[in-house]
Amino acid sequence: QRSQLSSCYLTTIPDNLDGIYEGIKENALLAKYAGGLGNDWTSVRALGAHIKGTNGESQGVVPFLKVVNDTAVAVNQGGKRKGAVCAYLETWHLDIEEFLELRKNTGDDRRRTHDMNTANWVPDLFMKRVMENGEWTLFSPSNVPDLHEKFGSEFERAYTDYEEKADRGELKLFKRVPAATLWRKMLTMLFETGHPWITFKDPCNIRSPQQHVGVVHSSNLCTEITLNTSDEEIAVCNLGSVNLSAHLFPKDHEKAGQIDHEKLRRTVNTAMRMLDNVIDINYYAVGKARNSNLKHRPVGMGIMGFQDCLHELRIPYASDEAIEFADQSMEAVSYYAYWASTELAEERGRYATYRGSLWDRGILPLDSLDLLRQERGGY
């Protein structure tokens with residue numbers, strides 16, 4: 001028995017045939033032992049891009065995604081449930097229009113992926129252009145290799161430079177579309193097929209505690225994880241959930257209807273310790289995943305039973321009271337989680353890449369909203 005204790009694996013697919021099939025093989029191995037997958041395909045060159053090795057033209061991202069789709073069907077998770085994978089593509093990629101249509105039930109079935117998920121990795125600049133009714137330029141990553149690694153105002157500068165290059169005729173392969181038209185198509189597809197999901201690149205990076213050691217290129221299958229990935233690192237997340245409804249004082253208690261903070265603190269303490277243990281005792285089907293997990297030690301602790309609490313407290317879901325309860329309960333959970341993490345660090349030592357992280361700089365996730373505000377310059 002080699003049950004997978006970690007929940008999600010995130011990879012960046014490099015722009016060469018060897019790397020692409022290596023990525024697909026890693027998908028298969030990770031799914032075999034029951035991991036959910038997120039693949040970042042943004043660096044793979046677009047349809048029509050030049051291939052130096054053969055002097056031919058690339059087929060783009062879509063045909064490979066068909067292979068990923070069929071691999072997910074062939075290798076189910078741990079032999080127990082359907083293989084599950086999500087492909088991410090940044091909104092400036094030249095193949096984005098076809099990417100949007102992958103889940104349609106009409107059209108050429110060879111260019112459709114009915115069994116996998118897709119997600120749009122959207123930079124803030126695109127949303128600005130939509131709001132300003134501007135144009136949006138699509139590129140092949142083989143001509144603009146650094147865009148994949150940049151975010152925020154730095155991305156914006158590089159992107160507008162490439163647009164000027166295209167205007168001067170220095171870039172052959174590009175396409176101009178009205179940003180609002182592309183946005184409308186994204187929303188239409190979301191209504192029609194439920195895909196691609198819309199995920200935002202810049203806040204994920206600007207607010208990432210680990211921005212000093214890499215870039216977040218995608219989320220995972222369920223979009224709750226934002227971790228750095230690269231050719232060398234497969235990000236892994238180790239997830240657990242605290243049942244909030246088990247932490248209310250019982251009806252006959254004098255504090256009925258309140259959160260039992262002492263109990264919640266003990267549970268969160270145990271949960272954080274267990275998740276940290278998972279990193280050390282998990283079976284890793286792929287070396288890149290092991291290295292990354294041991295280096296950064298990311299854990300994700302969520303809650304469940306929120307609605308059950310509201311039911312118990314007789315609070316309507318769409319009310320200010322419910323928002324107040326959400327605010328208080330989550331503040332308590334995150335406070336106890338930071339505490340538990342701090343105590344673990346004292347006992348076991350800090351994780352290897354702590355120095356220089358937002359944690360190290362005293363910027364908690366809540367404070368990182370200010371970083372986003374600065375970066376967006378009042379937009």
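Predicted model: local features only at pLDDT ≥ 70, side-chain atom pairs only at ≥ 80, totals over all residues.

Modeller: Start with Glu233. Its contacts, leaving out residues up to four places away in sequence, are Leu10, Asn228, Lys288, Ser292, Lys295 and His296. With Lys295 there is a side-chain to side-chain polar contact at 2.8 Å. Glu233 lies in the loop between α7 (201-206) and β10 (235-243). Its relative accessibility is 12%, so Glu233 counts as buried.

Now the helix pairs. Take α1 (residues 17-32) and α2 (residues 62-74). Their axes are 10 Å apart, and the packing angle is about 20°. An angle under 35 degrees counts as roughly parallel, so α1 and α2 are roughly parallel to each other. Their crossing is right-handed. From α1, the contact uses Leu17, Ile20, Tyr21, Ile24, Asn27 and Ala28; from α2, Phe64, Val67, Val68 and Thr71. By class, that contact has eight nonpolar and two polar residues, with no charged ones.

Next come α8 (residues 261-281) and α11 (residues 320-348). Their axes come within 9 Å and cross at roughly 50°. The two helices are therefore oblique to each other. The crossing of α8 with α11 is right-handed. On the α8 side, the contact residues include His261, Leu264, Arg265, Val268 and Met272. On the α11 side, they include Ala332, Tyr336, Ala340, Glu343 and Leu344. The residues of this contact divide into nine nonpolar, four polar and six charged.

How values were computed. Residues numbered from 1 in each chain as written. Heavy atoms only, no water. Helix = DSSP H or I, 4+ residues; strand = E, 2+ residues; numbered from the N terminus. Buried < 20%, exposed > 50% of the residue type's maximum accessible area, 1.4 Å probe, protein only. Polar contact = N/O pair within 3.5 Å; in protein donor to acceptor, adjacent residues only side chain to side chain. Contact = heavy atoms within 4.5 Å. Axes fitted to C-alpha atoms, helices over the stretch in contact; angles between N-to-C directions. Parallel < 35°, antiparallel > 145°, perpendicular 65-115°, else oblique. Left-handed = near helix turned anticlockwise from the far one by under 90°. Nonpolar A, V, L, I, M, F, W, Y, C, P; charged D, E, K, R; others polar.
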